[in-house]
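Dear colleague,

I am passing on the structure that follows, and my notes on it come after it. Please read them beside the coordinates.

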Amino acid sequence: MAKAVVESGMKKVKYIVAVASGKGGVGKSTTAVNLALALATLSKDGKGLNIGLLDADIYGPSLPKMLGITDSVQPQVVNGTAFVPVPAHGLKTMSIGYLTTESTPMVWRGPMAGGALTQMMEQSIWGELDVLVVDMPPGTGDIQLTLSQKAKVSGAVVVTTPQDIALLDARKGIEMFRKVEVPVLGIVENMAVHICSNCGHAESIFGEGGGQKVASEYDTRLLGSLPLDKRIREEGDRGTPIALTEPEGEIAQSYRAIAENLMTALAENTVKAPVISIED
Ligand SMILES: Nc1ncnc2c1ncn2[C@@H]1O[C@H](COP(=O)(O)OP(=O)(O)OP(=O)(O)O)[C@@H](O)[C@H]1O
Ligand SMILES: [Mg+2]
Ligand SMILES: [Zn+2]
């Protein structure tokens, strides 16, 4: 019997969006997961959006844990060459964390990093997706280059915190994407104000307006802001992202607003790009 034809790769992915930052630990993975879940609640022409989530962090994959996927779960392999992305809360997800265990030596990951990312992009059966959200590792290195070379990236979302040093790194991140001709779709300001878990009062401990300032400086937009809130970290650690557990809460609403602004930015960005049509 002939093998069933499996179409792996990203040919039917409408938009590929990298969630990135110049600096580590600013909340890229948290943003990527909650943004992907928020995107999945949106609909177009009466149908919910199909969303994928790819962990491009080869050295420090954090999506399996944040999504609550246990160590024993592995992507199903089809025809010995293609992976079925792991379903998680309605998302199609892929991470090197599903393919390695904690004892897999880090050393092989170095030279393999670009190759592993390419494999996860091209050998996963993504199918038809409206958006594939890509959680990037920190910095402006090889993985960023691999992604921009091997994938048709629609644009990047740059996550920053309001501290000067993070904003400086956000600027570096934006400049790097410009060099590789990936449009910056907007900025997400994370941990913007601190919400006191006792009384709920909000305080800007790291300063105000930084994300907006950088967005204006680079002619892009502020997609939204998230507070520094203990529940975001706790739910992340627990593998039950807040966009899912408190869908009507203020934080989930903020992620949804970011998701809507992102879809607008993607649509405008597509219009702005030169249109090449091929008639058949
Ligand atoms: N808005 C927030 N409020 C409270 N905690 C947060 C918030 N955003 C992220 N965190 C917490 O901060 C830590 C770092 O977040 P995360 O892992 O998403 O950052 P990252 O930018 O992906 O890091 P890395 O550069 O290592 O990939 C996590 O413990 C996360 O739960
Ligand atoms: Mg991360
Ligand atoms: Zn208080």
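Why is H1 largely enclosed by the rest of the structure? The reason is that 13 of the 14 residues of H1 are buried, where buried stands for 20 or more other C-beta atoms, placed from the backbone, within 10 Å of a residue's own. Helices here are DSSP runs of H or I with at least four residues, strands are runs of E with at least two, and both are numbered from the N terminus.

This is a predicted model, in which local features need pLDDT of at least 70 and side-chain atom pairs count only at pLDDT 80 or more, while totals for chains, interfaces and linings use all residues. Residues are numbered from 1 along each chain as its sequence is written, and chains are lettered from A and ligands numbered from 1 in the order in which they are written.

Leaving aside neighbours within four places in sequence, Ala36 is in contact (C-beta atoms within 7 Å) with Ile51, Leu53, Leu91 and Val133.

Ligand 1 has 21 residues around it, of which Gly24, Gly27, Ser29, Thr30 and Arg233 come nearest, a residue being counted when its C-beta atom, placed from the backbone, lies within 6 Å. Helix H1 (28–41) and helix H8 (230–238) are the elements that give two or more residues to this shell.

The chain as a whole has 10 helices and 14 strands, and buried residues make up 45% of its 280 residues.

Best regards

Notes
A residue is buried if 20 or more other C-beta atoms lie within 10 Å of its own, exposed if 12 or fewer, and partly exposed in between; C-beta atoms are placed from the backbone. Two residues are in contact if their C-beta atoms, placed from the backbone, lie within 7 Å.
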